[in-house]
Amino acid sequence: MRRIEKINIAYYILFSLSLSIPLIIYCGANIFSTSQETSMGAEFADEIESQVDLLDNEEWMDYVNTIGQKIVSVCDRQDIDYNFTIVDDSSTINAFALPGGYLYVYSGLILRAENEAELAGVLAHEVGHVVGKHSMKKLTSLYGYQFLLTLAFGSDPGLVELLAADIIAGLGMVNYGRNNELEADDYAIKYLYALGYDPNGFVSFLEKLAELRTSNPSFVEKLMSTHPEPSERIDRARLAIAQLPSKENLILGREDFLLRKKRLYNK
Ligand SMILES: [Zn+2]
């Protein structure tokens, strides 16, 4: 073997080790500061928003933000600002959360929700991912701390573009894993109940996912690639709801929601 080839192989091994060491040490943990998380999230949000169409409808943007901020007011993480945005894609039922409180819900999901509690349940689940810092933990376990620091300081826009494409495809940092998904479900039920929404709205939306999974799998393909079986989530959610103290006048918010939807889709 020529000397130059040996040197190349040695460098390759050293380079591989330098990537894998932080990956092992920081697996599953998040050691980024809130400001690092927020600046990384802003960078991803800019890139995501250049790759998808956003819904051009002020009423619905305001409405989703109002519900979202209500959830934020009772959530367990108050050190960041939360932004809620609607992706204009009526053939996809999905929602995701970026680091730093950037949350996205697809218009296809809104189209299939039947009351405000169902939509609030999905938003509360996404807020739960931010509260649990799931995307930062996932990013750290995928790429390692040192590597992500280069992203936090904006030195690799090409990589941000690639990672954003993964997020839209339901891969990478939004694939949080079963335990984090179930934790986000627990937060969703807690926040719905605290706000006076009927948490059964969350269950009825999961039932829709289960039904669509057989009747129209392409609609829920991205969501199903990142979330556990709806049946498992439904059983757990029902159990959690049964343990809540009874509360009068829990709301689903059906009529106003359907009117808004009619105005949006003119149906
Ligand atoms: Zn989730």
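In which sense do S2 and strand S3 pair, and over how many bridges? The legends below start from that pair. This is a predicted model, in which local features need pLDDT of at least 70 and side-chain atom pairs count only at pLDDT 80 or more, while totals for chains, interfaces and linings use all residues. Residues are numbered from 1 along each chain as its sequence is written.

View 1. S2 (residues 95-98) and S3 (residues 102-106) pair in the antiparallel sense over 4 bridges. Helices (H or I, at least four residues) and strands (E, at least two) are DSSP runs, numbered from the N terminus, and two strands pair if DSSP finds at least two bridges between them. The hairpin has 3 residues between its strands, and Gly100 in the turn has a positive phi of about 80°. Leu98 stands opposite Tyr102 in S3. Ala95 and Ala97 point one way from S2, Phe96 and Leu98 point the other way, and all are buried. A residue is buried if 20 or more other C-beta atoms lie within 10 Å of its own, exposed if 12 or fewer, and partly exposed in between, with C-beta atoms placed from the backbone.

**View 2. The largest nonpolar core.** A nonpolar core is a set of buried Ala, Val, Leu, Ile, Met, Phe, Trp, Tyr and Cys residues joined through C-beta atoms within 7 Å. The largest one here has 65 residues, and those with the most contacts inside it are Val105, Ala120, Leu123, Ala124, Val127 and Leu192. Helix H5 (residues 116-131) gives the most to this core, with 9 residues. Two residues are in contact if their C-beta atoms, placed from the backbone, lie within 7 Å. Not counting residues up to four places away in sequence, Leu192 touches Ala117, Ala120, Gly121, Ala124, Tyr197, Pro199, Gly201 and Phe202.

View 3. Helix H6 (residues 134-143) is largely enclosed by the rest of the structure, because 8 of its 10 residues are buried. Those buried residues are His134, Ser135, Met136, Lys137, Lys138, Leu139, Thr140 and Tyr143. Just after H6, Gly144 takes a positive phi of about 85°. Met173 is found in the loop between helix H8 (157-168) and H9. With 24 other C-beta atoms within 10 Å, Met173 is buried. Beyond its neighbours within four places in sequence, Met173 is in contact with Ser135, Lys138, Leu139, Leu142, Leu163 and Ile167. Met173 and His134 are 39 residues apart along the chain, and their C-alpha atoms are separated by 8.3 Å.

**View 4. The two sides of helix H12.** H12 (residues 230-242) has 13 residues and reaches 18 Å from its first C-alpha to its last, close to the 18 Å expected at 1.5 Å a residue; the expected span is 1.5 Å times one less than the number of residues. Pro230, Arg233 and Ala237 of H12 are buried. They cover an arc of only 60° around the axis, which puts them on the same side of H12; the arc is that of the directions from the helix axis to the C-beta atoms. What covers the buried residues of H12 includes helix H9 (178-195) and helix H10 (200-215). On the other side of H12, Leu239 and Ala242 are exposed.

**View 5. Confidence at the start of the chain.** Over residues 1-27, pLDDT (the predictor's confidence in each residue, from 0 to 100) stays under 50. Where pLDDT is low, the predicted coordinates should not be read in detail.
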